Amino acid sequence: MSTATVSRYRPVEPAPVSSSDFKGTLHFLRLFLRRDRIALPLWILIFAFAPALYVASIADIYTSDAQLAEFAATTAASPAQIAMYGPIFNSSLGSVGVWKAGIYYTLIGLVVILTVIRHTRAEEETGRAELLDSTSVGRYSGLTAALLLAGGASVVTGILCAAALLARDLPVGGSVAFGTSLACSGLVFTAVAAVAAQVSTGARVARGVALTVLGVAFALRAVGDAGSGTLSWFSPLGWDLQIRPYADERWWVVVPSLVTAVVLTWAAYALLRRRDVGAGLIAERPGPTDASPALAGTLGLAWRMHRGTLAAWTAGLGLYGLLIGSAAKGIGGQVGDSQTIRDIITRMGGSQSLEESFIGYAFTMLAVAAAAYAISASLRLYSEENAQRLEPVTAGSVGRVRWASSHILFALLGPAVAMIVAGVAAGLTYGSSIGDVGGALPDVIGAALVQLPAIWMLAGVTVLLFGVVPRFTPVAWGVLVAFLLIFMVGSIAQFPQTVLNLEPFSHAPKLPGGQFEATPIVWLLLITVVLIVVGVAAFRRRDLR
């Protein structure tokens with residue numbers, strides 16, 4: 001072995017950290033804020049003000065302490081609902097009102113993970129980080145700016161959320177506790193994403209690592225809360241709930257979250273210090289000498305690229321389907337003698353059966369998650385072109401339309417498979433609980449299938465952006481957030497009907513139990529086809545980036 005070879009493997013002690021390593025942080029932060037100027041304010045507004053809207057709707061529906069107590073008692077007796085949303089600690093308006101908002105601890109974790117990895121590992125993967133690092137900026141400036149962006153947004157969200165709850169005349173302690181717990185969840189998973197960004201050379205793997213941590217945290221919290229509660233203490237999401245807003249707040253629970261965020265942030269900097277730009281802590285394994293025959297065509301290559309994501313999303317939505325089916329039984333007990341909520345469900349087009357209406361609404365929310373999957377799969381077009389892997393493929397006999405169609409196929413079929421699995425899981429569990437699997441299963445699967453046109457529309461939006469304005473393809477995430485904002489708070493905040501009609505998820509027939517109408521499904525399918533056709537046609541004619 002030569003001297004040069006030996007020196008290449010000699011460990012090199014990193015230089016001491018200095019202030020110059022953070023030079024340019026504010027410039028990076030300004031750049032990131034500009035890139036996220038649409039999506040960032042949207043998710044901050046949703047997470048900050050939706051809990052207060054939940055409280056307002058609960059106050060309108062449950063007008064007496066007895067009704068609130070009945071709701072709390074019924075909820076506490078349902079392990080499935082506790083697993084979905086977390087425990088309900090007492091029957092006060094604040095505790096009952098923010099109970100379902102506990103899901104935002106998970107959602108804000110999802111958003112900050114995507115944000116941090118987009119501005120760190122994804123930038124290294126495309127080579128832009130190395131280009132910027134060659135200028136007069138510090139080694140840690142990019143990571144620091146990403147942490148300030150996501151962490152700062154989490155803190156702002158918590159402050160606005162507390163202020164919105166205080167505006168509902170709720171107790172100060174509980175309002176501040178809920179806002180603090182929401183901010184803590186964002187800070188912890190911001191740090192998780194920062195560590196995950198150091199693991200692999202690919203942004204997709206980094207996202208997978210961080211989202212796996214989030215999924216495990218949710219599973220530990222769900223199983224723990226539905227059981228003895230012990231496992232919840234091993235999950236950051238469990239710590240957030242155990243702060244117990246409006247129920248004798250436990251302020252000391254904030255400490256584990258903050259300590260975890262600090263330790264993981266320190267670990268991210270330490271790992272970044274010991275690796276090269278563009279490299280990861282886990283070395284890429286060399287592939288086989290000869291490619292598998294399955295990779296001979298564009299469809300086989302697309303399957304190879306999408307199969308892991310398809311399996312993960314199918315498992316996740318299937319698990320949530322099990323929770324939906326388990327929680328549906330006995331949902332009417334939460335309503336008690338409140339005729340108001342029954343009238344509201346009827347006006348919304350739902351079934352007289354509260355259990356069926358609950359399943360329909362739950363699958364609408366599941367459709368929002370599946371739409372995120374559709375966007376993610378469609379963004380493969382954007383990432384392949386950005387990584388300059390498209391040009392060698394299309395330089396041969398593979399046409400652009402054929403290549404794009406292989407990925408679009410998985411963006412459409414992948415969410416369909418995941419929703420069907422979720423429908424089967426929910427139908428079997430709900431049918432078993434009521435003793436009528438044969439009658440419930442087809443109805444619940446139908447509730448899953450009618451959501452597909454709305455899901456596919458988001459894939460169409462992504463393809464359209466990719467073909468017409470490829471630089472702004474990731475804006476599809478902003479479109480989804482905007483639709484979610486309209487869907488969740490539009491009716492409560494009394495948005496104009498023209499605005500409410502913009503989002504696709506409320507147009508699906510209210511199944512099970514409601515009347516099936518083909519017209520909205522046909523319109524959504526036609527819009528999706530037009531979006532995809534126009535996007536592919538524009539991609540076929542434009543220059544590659």
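A charge is taken to sit over a ring if NZ of Lys or CZ of Arg is within 6 Å of the ring centre and within 35 degrees of the ring normal. With that in mind, R400 lies over the face of F539, at 5.4 Å from the ring centre, and R542 lies over the face of F466, at 4.9 Å from the ring centre.

Before I go on, a word on the source: this is a predicted model, in which local features need pLDDT of at least 70 and side-chain atom pairs count only at pLDDT 80 or more, while totals for chains, interfaces and linings use all residues. Residues are numbered from 1 along each chain as its sequence is written, and side-chain values use heavy atoms, with hydrogens and water left out.

Let me turn to the aromatic rings. Rings of Phe, Tyr and Trp (its six-membered ring) pair if their centres lie within 6.5 Å, and planes under 30 degrees apart count as stacked, over 60 as edge-to-face and the rest as tilted. By this rule the count comes to 16 aromatic pairs. One of them is the tilted pair of F47 and Y104, with 5.5 Å from centre to centre and 55 degrees between the planes. This pair links distant parts of the chain, since F47 sits in helix α3 (residues 39-61) and Y104 in helix α7 (residues 104-119), 57 residues apart; helices here are DSSP runs (H or I, at least four residues), as strands are (E, at least two), numbered from the N terminus. Both F47 and Y104 are buried, where buried means under 20% relative accessible area, exposed over 50%, and partly exposed in between (1.4 Å probe, protein chains only). W43, F47, Y54 and Y104 form one aromatic cluster.

A tilted pair is also formed by Y105 and F178, at 5.7 Å centre to centre and 40 degrees between the planes. Y105 lies in helix α7 and F178 in helix α11 (residues 172-196), so the pair ties together parts that are 73 residues apart in sequence. Y105 is buried, and so is F178.

Now to helix packing, where axes are lines fitted to C-alpha atoms, for helices over the stretch in contact, and angles run from 0 to 180 degrees between N-to-C directions. Helix α10 (residues 141-166) and α11 pack at an angle of about 165 degrees, with their axes 8 Å apart. That makes α10 roughly antiparallel to α11, given that angles under 35 degrees count as roughly parallel, over 145 as roughly antiparallel, 65 to 115 as roughly perpendicular and the rest as oblique.

What angle do α7 and helix α12 (residues 203-226) make where they pack? The answer is about 165 degrees, with the axes 10 Å apart, and α7 and α12 are therefore roughly antiparallel to each other. The contact includes G109, I113 and I117 of α7, together with A206, A210 and F218 of α12.

I will finish with the backbone. In the loop between α10 and α11 we find D169, whose phi is near 65 degrees, a positive value in a residue other than glycine; at 72% relative accessibility, D169 counts as exposed. Y246, in the loop between α13 (236-242) and α14 (254-273), likewise has phi near 65 degrees, but Y246 is buried, with a relative accessible area of 8%. Finally, a cis peptide bond joins L511 and P512, with omega about 0 degrees.

Conventions. Contact = heavy atoms within 4.5 Å.
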